[in-house]
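Here is a protein model to look at together. Let's go through the terms used to describe it and see what each one rests on.

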Amino acid sequence: MSEFRIHHDVNELLSLLRVHSGDGAEVYIDLLQKNRTPYITTNVSAHSAKVKIAEFSRTPEDFLKKYDELKSKNTRNLDPLVYLLSKFTEDKETLQYLQQNAKERAELAATAAVTSTTTFGGPATASKMSMQELEELRKQLGSVTTGSTLQQARCHWPPRSQLCPWLGDRTALSLWTPTWTCPSGSW
């Protein structure tokens, strides 16, 4: 069962990091399976890992404060995570890759945010509508909502009585009532 878990976790990690070239997931899975040993935490290894990360961090006080907060909450797998992060501080190639990936994601998010604000932004403050234009827009919206387009948007399901003919006979006995309604009112 754990073999499938490793496959799933490695594939998920590769997709989150958007790694589609180079070595396949199988290489990493084999490496993890060969080197898998239970992590036995000791106070010395957890403390040395914590110190190593604090030295590497730009704000060691904040890191130590967050570590102590999570430790006081008895957070599960905190020491193995800190150990893994301390190993990342030693591997410059992995750090460089993670920093590049974070920069690319931030740029994509910034581009998406700029695009969405320009696409879905409200009307410009310089363009004002006159009262006449406002009334025309109000009439158009009113005719659209009450016009034939609402007739076309009606539900195409048959009425409840056709699907469940026994329901009309047993309304007092039936415990089933729908929690949603069809736009046409047939449900």
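Q: At what angle do α4 and α5 pack, and how far apart are their axes?
A: The angle is about 155°, and the axes of α4 and α5 are 11 Å apart. Axes here are lines fitted to C-alpha atoms, for helices over the stretch in contact, with angles running from 0 to 180 degrees between N-to-C directions.

Q: Before we go on, what kind of model is this?
A: This is a predicted model, in which local features need pLDDT of at least 70 and side-chain atom pairs count only at pLDDT 80 or more, while totals for chains, interfaces and linings use all residues. Residues are numbered from 1 along each chain as its sequence is written, and side-chain values use heavy atoms, with hydrogens and water left out.

Q: Why are α4 and α5 called roughly antiparallel?
A: Angles over 145 degrees count as roughly antiparallel, under 35 as roughly parallel, 65 to 115 as roughly perpendicular and the rest as oblique. The angle of α4 with α5 is about 155°, so the two helices are roughly antiparallel to each other.

Q: Which residues of α4 and α5 meet?
A: Y67, L70 and K71 of α4 meet L78, D79 and V82 of α5; contact means heavy atoms within 4.5 Å. By class, this contact has four nonpolar, no polar and two charged residues. For the classes, Ala, Val, Leu, Ile, Met, Phe, Trp, Tyr, Cys and Pro count as nonpolar, Asp, Glu, Lys and Arg as charged, and the others, Gly among them, as polar.

Q: What makes α1 oblique to α2?
A: Helix α1 (residues 2–16) packs with helix α2 (residues 25–34) at an angle of about 130°, and their axes are 10 Å apart. That value makes α1 oblique to α2.

Q: Is the crossing of α1 and α2 left-handed or right-handed, and which residues make the contact?
A: The crossing is right-handed: that term applies if the near helix is turned clockwise from the far one by less than a right angle, and left-handed applies if anticlockwise. On the α1 side the contact is made by E3, I6, H7, V10, N11 and L14, and on the α2 side by A25, E26, Y28, I29, L32 and Q33. Sorted by class, these are seven nonpolar, three polar and two charged residues.

Q: How many helices and strands does the protein have?
A: There are ten helices and zero strands. Helices (H or I, at least four residues) and strands (E, at least two) are DSSP runs, numbered from the N terminus.

Q: What makes up the largest nonpolar core?
A: Eight residues do: A46, A49, I53, A54, F63, Y67, L78 and V82. A nonpolar core is a set of buried Ala, Val, Leu, Ile, Met, Phe, Trp, Tyr and Cys residues joined through side-chain atoms within 4.5 Å. Helices α3 (43–56), α4 (60–72) and α5 (78–90) each supply at least two residues of this core, and α3 gives the most, with four. Another core, of five residues, lies apart from it, with V10, L14, A25 and I29 among them.

Q: How do you know whether A54 is buried or exposed?
A: Buried means under 20% relative accessible area, exposed over 50%, and partly exposed in between (1.4 Å probe, protein chains only). A54 has 9%, so A54 is buried. This residue of helix α3 is in contact with P60, F63 and L64, leaving aside neighbours within four places in sequence.

Q: Why does S86 count as buried?
A: Its relative accessibility is 2%, so S86 counts as buried. S86 is in helix α5 and touches A49, K52 and I53, not counting residues up to four places away in sequence. The C-alpha atoms of A54 and S86 are separated by 9.3 Å, although these residues are 32 apart along the chain.

Q: What share of the protein counts as buried?
A: Of its 187 residues, 14% do.

Q: Why does N74 count as exposed?
A: N74 has 67% relative accessibility, so N74 counts as exposed. N74 lies in the loop between α4 and α5, and its phi is near 60°, a positive value in a residue other than glycine. Most residues other than glycine have a negative phi.

Q: What makes N77 exposed?
A: At 52% relative accessibility, N77 counts as exposed. N77 also lies in the loop between α4 and α5, with a positive phi near 60°.
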